[in-house]
Amino acid sequence: PRPPRLHRRQVLLLEGCVQPTLSPNTNAAAARVLDRLGIGVTPVREAGCCGAVDYHLSAQATGLARARRNIDAWWPALEAGAEAIVQTASGCGAFVRDYGHLLKDDPAYAAKAARVSALARDLVEVLGQEPLETLAVRAEGRLAVHCPCTLQHAQKLGGAVEALLSRLGFSLTPVPDGHLCCGSAGTYSLTQPALSRQLRDNRLDALESGQPDLIVTANIGCQVHLDGAGRTPVRHWIEHVEDALT
């Protein structure tokens, strides 16, 4: 369940396409934590896939059509005062941040796309600006953080999840070679399965080197890919945070 809209402050939350099916509690957990901090989520059911997969597989026209549809869906809420468009999947976030560049030559959408990109925020950015110390957290267990390529390289937010979890009192294990890809890489796990699995196993070896109880990440593709090895469990970090709230 998601909390009712009770707050003056409102944000939008990109639902995406893969995540609602494979990890439906992720965005629900994000909404519940935001609610604890006095921020509501305005539902926009018409917004869906960000368009990244189409665009990266050379179906650029389809990808841009999805971007325009999302802009149209979000626009009334932005005009009504929604302060950010929040993504819990860093791969989607990286692409939404690029809407302004991709549609800069579209006279009907250039200005709107630029505003959407300017308001795009990964969840860790939003929560990092809030008084997290007001949350009562029971921080148990040892966590290893996998920082997705799209979070640390595309969005330049490397270390942000680690810093937030540390603020909340969680114990983090060291992770060598944290800049390396897990092998999911959008559709790479489907188009190059053998090499993708090797990258995954190398990444898991690094993540497990500190003997964590759980691996957390910030992107549904990484989560599903790493968890598919059947080794240390992998979750989105916001779900673990929400479970730890008292």
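Trainee: What volume does the second largest pocket have?

Mentor: Rolling a probe the size of a water molecule over the atoms shows where empty space is left. Here, the second largest pocket has a volume of about 160 Å³ (the space filled by probe spheres set on grid points joined across faces, edges and corners). A pocket is an open set of points on a 1 Å grid over the protein atoms alone where a 1.4 Å probe fits, with protein on both sides within 12 Å along at least five of seven lines; lining residues have an atom within 4 Å of a point. The model is predicted, local features need pLDDT of at least 70 and side-chain atom pairs pLDDT 80 or more, while totals for chains, interfaces and linings use all residues. Residues are numbered from 1 along each chain as its sequence is written, and side-chain values use heavy atoms, without hydrogens or water.

Trainee: Which residues lie nearest the centre of the second largest pocket?

Mentor: Arg2, Pro3, Ala31, Val41 and Pro43, out of 13 lining residues. Strand 2 contributes the most, 3 residues (strands are DSSP E runs of at least two residues, helices H or I runs of at least four, numbered from the N terminus).

Trainee: Where does strand 2 stand in its sheet?

Mentor: The open sheet has 4 strands in the order 2-1-3-4, paired in parallel (pairing takes at least two DSSP bridges). Strand 2 (39-42) and strand 4 (120-122) are at the edges with a single partner strand each, so one side of each has no neighbour in the sheet.

Trainee: How many residues line the largest pocket?

Mentor: The largest pocket, about 850 Å³ in volume, has 37 lining residues, with Val53, Gly186, Thr187, Asn219 and Gly221 closest to its centre. Helix 13 supplies the largest share of that lining, 5 residues.
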